[in-house]
Amino acid sequence: MDGFAYAGESLAGAYKGAGQWDELKLCVTKLFRWGWIIMLLFTGLYGLGG
């Protein structure tokens, strides 16, 4: 998850600094989507594995 956080901070800063608001919104949306996918995956694994 830290990798997503570091990449997200870097990309968000670059997009904001360049005034690319559509790309910033898309980046944040994709990061949230991947965060949910990873969270659901690990929750399922922990639930099944005990």
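Phe 42 and Tyr 46 are 4 residues apart in helix α2, which means that about one helical turn separates them. Helices here are DSSP runs of H or I with at least four residues, strands are runs of E with at least two, and both are numbered from the N terminus. The model is predicted: local features need pLDDT of at least 70, side-chain atom pairs count only at pLDDT 80 or more, and totals for chains, interfaces and linings use all residues. Residues are numbered from 1 along each chain as its sequence is written, and side-chain values use heavy atoms, with hydrogens and water left out.

**Overall form**

The chain contains 2 helices and 0 strands. Its radius of gyration is 14 Å, well over the 10 Å that the globule rule gives for 50 residues, so the chain is more spread out than a compact globule. That radius is taken over C-alpha atoms, and the globule rule is 2.2 Å times the number of residues to the power 0.38. The C-alpha trace spans about 45 × 15 × 5 Å along its principal axes.

Of the 50 residues, 8% count as buried; buried means under 20% relative accessible area, exposed means over 50%, and partly exposed is in between (1.4 Å probe, protein chains only).

**Helices and backbone**

Helix α1 has 16 residues and reaches 22 Å from its first C-alpha to its last, close to the 22 Å expected at 1.5 Å a residue. The expected span is 1.5 Å times one less than the number of residues. Just after α1, Gly 19 takes a positive phi of about 75°.

Val 28 is placed in helix α2, and its C-alpha atom is 7.5 Å from that of Gly 8, 20 residues apart along the chain. Gly 49 also lies in α2; its C-alpha atom and that of Asp 22, 27 residues apart along the chain, are separated by 40 Å.

**Aromatic pairs**

A search of the whole structure finds 2 aromatic pairs. Rings of Phe, Tyr and Trp (its six-membered ring) pair if their centres lie within 6.5 Å; planes under 30 degrees apart count as stacked, over 60 as edge-to-face and the rest as tilted. The rings of Phe 4 and Trp 34 have centres 6.3 Å apart and planes at 25°, so this pair is stacked. The pair links distant parts of the chain, with Phe 4 in α1 (residues 2–17) and Trp 34 in α2 (residues 21–49), 30 residues apart. For Phe 42 and Tyr 46, the centres are 6.4 Å apart and the planes are at 35°, so the pair is tilted.

Relative accessible areas are listed below.

| Residue | Relative accessible area | Class |
|---|---|---|
| Phe 4 | 33% | partly exposed |
| Trp 34 | 47% | partly exposed |
| Phe 42 | 42% | partly exposed |
| Tyr 46 | 62% | exposed |
| Val 28 | 34% | partly exposed |
| Gly 49 | 63% | exposed |
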